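Here are my notes on the domains and their contacts. Please read them beside the model.

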Amino acid sequence: MTTVEYLSLSKPQRILVRIGSFFKNIPIAIWNFLKKIPVWVWTLIKKFVITPFVDVKNALLFGDWKVRLSFIICGFGQMTRHQVAKGILLFLYEAFFIAFMILVGAPNLSLLGSLGYTGLVSIGTSENYVGDNSLTIMLYSIITIILIIVMFAFWLSSIRAAKKLQDLERVGQYDSFKNFVRSLTGENYHIFLLSIPTLGLMVFTIIPIILMILIGFTNYNSFHEVPSNVFEWVGFYNYSNIFTNNDASSSLFLQTFLQVLLWTLIWAFFATFSNYFLGMIVALIINQKAIKFKKLWRTILVTTIAVPQFVSLLLISRMFNQDMGFVNSFLIELGWIKEGIRWLNDSQYVSLLPKVMIIIINTWVGIPYTMLLCTGILMNIPDDLYESAKIDGASPFKMYMKITLPYMLFVTGPYLISQFVGNINNFNVIYLLSQGNPLFTYGDQAAPSTLQGVGQTDLLITWIYKISVTNNPKEFGVASVLGVMIFVIVAFFSLITYSRSNAVKNEGDFN
Amino acid sequence: MAKMVSQQKYRSQKAVKITKQVLTYIFLTIISIIWIIPFIYLLSQSFISMEGRAAGIDPYSFGQFFPTFGPTGNFTFNNYVTLFNDPAYPFITWWVNTLIIAIVSSILQTILTLLTSYTLSRLRFKGRQGIMKLILVLGMFPGFLGMIINYYILDLLGLTSSIFSLILLYISGSMMNYYISKGFFDTISKSLDEAVLIDGGTNNTVFWRIIMPLSKPIIVYTILISFTGPWGDYMMAAYLAHGNQEMFNVAVGLQQMLEKGAGTYFTTFCAGAVFVSIPIMILFFILQRYYVEGIAGGAVKG
């Protein structure tokens, strides 16, 4: 389709064409993505294998004895060439690394294949379980692997730097450690600023995620827990067991999984956009010049933030309770209804009522936050944009579409994605309002233990919670697989929207 | 004639304007009522005596909205008295715990979040895009599976029996919240930075003298979010406490009150919830000052 043809279409048709082309482009985009992979792999190999190898070879062939000694004693080249502090730090890390490897790293890493053994040992009269803890073994192994990578990087950079210092010395110059420290407030400011947050991210986010993914490949559950048992690697057993259709229980699982998945996506979509747009509209209304008592309106909305979410959600869920809720007794008193409406546990029409109620209640929770955020950003829109638009005779709606919305999307685009992701993982609202009820019913079919307590309004995340925290037996392996599923879905949607919001970014340059 | 027509037109325009305003006010009043109802409900329940209810069939009879006054009424202050004196539920300990956790992690989290946002928005360095993508990807994993493992890690560090561990967990994720403030910083003109840098300032000066004063609304937002998060957090706190009452925050404590108290503690729970809401309200009133219009004065436009 040429541009002229496109422009000759009416507005709805254009939108249809764009939607169509979006889906038509998905395979092409995937193909383009696949085409890029070999290039990436090659650049990675070049960067992390070939270049280091060449550097090390050069250092070995052309370095003097100080550089060559750096191969064994990390930082020796620095210590002897005006960078005593840096050299000592590198050496200290090496010493720590060797000690760690001997004491913790090597024993744990050697058990990673089997994940340890345990058995009953009688000490005196009592019998006790003595043996390994598989989870600890995995955790220490991951830490050890990370430390090995860090050690290798340090070793490499130390050798490279030593060679460079030798070359500098040859022309009568040197580079001091002080220069590096000083650069931390200049060109290397980002290292200084990001090092602490990154460390926190590493320890409490990245390592747990790696461990979580690995658990998906083990049979970790209530029957394989410390101290009486260890768990083992089972390969892709959990994955294949869940997503094959070969017996009644796994087909039930698959069926339930698809239903929960569908509701999770519907929920995330409506929850995100209803909050975003309604919140923005409220902020815009309050922000109007003619409106008085701005502070009052904002304060009223924000008092709901002041009440902790779990309290207000619990209260609301009690208010909408079928038998004794305030809403139902009020409606009965008015004579509008005869018996209580099952607001949050009606199972008719695939539980439509509870689902709608949850989304509505969620806007109650979310609008104040969006309003608060939008007010801050709306104030930042340059007034002259509106003034010139007004002079040109633009209607308020047009101004909203052409100025406010693009500006908001420019600032909050990534936030919107993170909200969508947050809603897919929104545990609080679902768990406190409906706890996933009404439950799925399977008739007289035998449901596997992982389907215990799963309901129509359950999201994947609350399901995982049930599997791994409240249920008995707990199935950590299955929970991990579901977690990875969430990741795959979220990654798919985020990548699509992320590339779109980047496009918005380039169009609307507000500087 | 022409004058009259224009006058009429002016009048009708004015009428439209006034109706519009009146409708807006009505709309705002309605949504205010909707938003305030649960809070009023909470407040009024906290003044209702539980004794009268327990005598009835169902202690959870929520049908009654307001307490009744007078000699036969069930209005009482007893819930607040119980709240502070019940040895089974050390509310004051929980409240102080939560306050410490929330204040410390709010301060640290705000600083770290803003610094991260500033770095990602203003500094250009190798791996910037990589870090942003990494954070995006990390955010896609459901958080609380990691929580089970985090308990394990904290256990290895020997921290599980102190509230310090909660603070550590809350601030460790602060890098992940860079989105909003980074987006905001992006809209502040870079010509301002350049001017400072040319005049001999450093990146530090840019951050403290340019970005911070111009970003008050977003700082306020970050503080509020990072305070209310730990203040009302239930899941992580409950998991880390592992039933140890000394380590509870108010959310976990109140939840226990509701569950173990089997209904008889409901109004005390409401009283506790009112008390929990107060610090955030105070915080908001203090911070609202910075939300005034006109922050986005000339400088931001660039």
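Which domains does the domain assignment of chain B give?

1. Start with chain B. This is a predicted model. The assignment gives domain 1, residues 2-82, and domain 2, residues 90-301.

2. Now the contact inside chain B. Domain 1 of chain B brings 12 residues to the contact, and domain 2 of chain B brings 9 residues. On the domain 1 side, H1, helix H2 (50-55) and helix H3 (78-85) of chain B are the elements that give two or more residues. By class, that side of domain 1 of chain B has 8 nonpolar and 4 polar residues. Charged residues are absent from it.

3. Domain 1 of chain A covers 63-235, and domain 2 of chain A covers 253-507. Taken over C-alpha atoms, the centres of these two domains are 41 Å apart. Each domain of chain A puts 10 residues into the contact between them. The side of domain 1 of chain A that touches domain 2 of chain A divides into 5 nonpolar and 5 polar residues, with no charged ones.

4. Next, the contact between the chains. Chain B supplies 79 residues and chain A supplies 78 residues. Helix H1 (residues 2-45) of chain B gives the most to the chain B side, with 11 residues. The chain B side that touches chain A has 50 nonpolar, 25 polar and 4 charged residues.

5. One element deserves a second look. H1 of chain B gives two or more residues to the side of domain 1 that touches domain 2 within chain B. H1 of chain B also gives 11 residues to the side of chain B that touches chain A.

Conventions
Residues numbered from 1 in each chain as written. Chains lettered and ligands numbered in written order. Predicted model: local features only at pLDDT ≥ 70, side-chain atom pairs only at ≥ 80, totals over all residues. Domains from an automatic or database assignment. Contact = placed C-beta atoms within 7 Å. Nonpolar A, V, L, I, M, F, W, Y, C, P; charged D, E, K, R; others polar. Helix = DSSP H or I, 4+ residues; strand = E, 2+ residues; numbered from the N terminus.
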